[in-house]
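I opened a new model today and kept notes as I went. Here is what I looked up, entry by entry.

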Amino acid sequence: MSRPAGNPSYAAELGAAKKAVALAARLCQTVQQEIVQSDIQSKADKTPVTVADYGSQVLVSLVLNMEVTSGSFSMVAEEDSEDLRKDGAEEILERITDLVNKTLAEDGSYNILLSKEAILSAIDTGKSEGGPSGRHWVLDPIDGTKGFVRGGQYAIALALLDEGRVVLGVLGCPNLPFTSVSNLSGSSSGDQTGALFSAAIGCGAEVQSLDGSPPQKISVCTIDNPANASFFESYEGAHSMRDFTGSVAEKLGVQAPPVRIDSQAKYGALARGDGAIYWRFPHEGYRETIWDHAAGSIVVTEAGGVVKDASGNDLDFSKGRYLDRDTGIIATNKQLMPSVLKSVQEAIKEKKQASSPL
Ligand code: AMP
Ligand code: MG
């Protein structure tokens, strides 16, 4: 696919983003292999956060700052240093500092040693509010922390916003089978593990192994009959209304059981045609953040797919740290989207009628 006229090239930024994500993935893999209870802290909202979330954010910030020197730097990222500056956090800060420095030394690209203060400042480069103007990096240093802690799927998700739209995205998925999620159960062993998905606007989407195999173009599946479609949803039951998605699947005549995976690895798997639909219907009151969808959505759209909210609108990443959207997010191919939207809207109507029968 060629680049539409008028789109600047983001080749340098994409290269930097891939390097940043691959390095952060290495740190995450080290931590996941030797995860111990002391690595797991509890944030105010009780989601687990590990030294790897912070370490990943530091490495991504550092690599982007080293590799992209033009323009000012702005990043919207999930973590901040507040908890690490509190009494009692010295040990965990020490551990993050050691991990980051060890990962940098092993990689060898940069001859630097970060102090604890430099670690805290690097984390806080992610405090930007984003918005409709200028360029902003958007980072989830570990998307799917619950999967990460469980030894399951997670992703390092990095995107770039330019004037309010996502122009590139990179997803590092260290635990995803390289060729297909049908190998998730481990039944067809021998498949390499770890995938790096990337996309730049107008240039298509690609996958390569995390250790740097040549990139291959990817595209969404061409299934047009919902009866033959399979769908992805969150592994965590609390993240999506399964009774609702079950009723949508029934309306569509979907036969296959849901494929449940943590994190934006779902967007990557969809983009290479491992499944036909990814949908997400959080419980009422949950606000989606931009770092949970920016990278994943461009990987899917550049692979020929579409990503919409439940009303059929495009996702709007220009409103700051939160996604401004109607209930639910649906990603699928162009052939299936109309029927999926129709079933979703019917199911929403029925749900409303059931909760207020008068
Ligand atoms: P997934 O594995 O696709 O559910 O995505 C993981 C992401 O879900 C995390 O990074 C959180 O930002 C987000 N999340 C956390 N709590 C909820 C919730 N109650 N409903 C929906 N998403 C959530
Ligand atoms: Mg997340």
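**Entry 1: Ile-142.** I began with Ile-142, which is found in strand 4. Strands here are DSSP runs of E with at least two residues, helices are runs of H or I with at least four residues, and both are numbered from the N terminus. Ile-142 has a relative accessible area of 1% and is buried. Buried means under 20% relative accessible area, exposed over 50%, and partly exposed in between, with a 1.4 Å probe and protein chains only. I then listed its contacts, meaning heavy atoms within 4.5 Å. Neighbours within four places in sequence aside, Ile-142 touches Cys-28, Thr-50, Ala-52, Asp-53, Glu-78, Phe-148, Tyr-154 and Ala-155.

**Ground rules.** This is a predicted model: local features need pLDDT of at least 70, side-chain atom pairs count only at pLDDT 80 or more, and totals for chains, interfaces and linings use all residues. Residues are numbered from 1 along each chain as its sequence is written, chains are lettered from A and ligands numbered from 1 in the order in which they are written, and side-chain values use heavy atoms, with hydrogens and water left out.

**Entry 2: the annotated site.** I checked the UniProt record, an unreviewed entry. Its "binding site" annotation covers Glu-78, Asp-140, Ile-142, Asp-143 and Asp-292. These residues span 215 residues in sequence, yet no two of their C-alpha atoms are more than 9.8 Å apart, so they gather at one spot. UniProt positions are given in the numbering used here, feature names are shortened, and annotations may be inferred rather than shown by experiment.

Asp-140 is found in strand 4. Its relative accessibility is 1%, so Asp-140 counts as buried. Beyond its neighbours within four places in sequence, Asp-140 has contacts that include Glu-78, Trp-291 and Asp-292. Asp-143 is buried too.

**Entry 3: strand 7.** Is strand 7 (residues 193-200) largely enclosed or open? Seven of its eight residues are buried, so strand 7 is largely enclosed by the rest of the structure. Strand 6 (residues 165-177) pairs with strand 7 in the antiparallel sense over seven bridges. Two strands pair if DSSP finds at least two bridges between them. Leu-171 stands opposite Phe-197 in strand 7. Strand 8 (residues 205-208) runs antiparallel to strand 7, joined by four bridges. Strands 7 and 8 form a hairpin with four residues between them, and Gly-202 in the turn has a positive phi of about 80°.

**Entry 4: helix 6.** In helix 6 (residues 242-252), the buried residues are Phe-244, Thr-245, Val-248, Ala-249 and Leu-252. Seen down the axis of helix 6, they fall within an arc of 140° (taken from the directions from the helix axis to the C-beta atoms), so they line one face of the helix. They pack against strand 10 (231-233), strand 12 (277-280) and helix 9 (337-355). On the other side, Asp-243 and Glu-250 are exposed.
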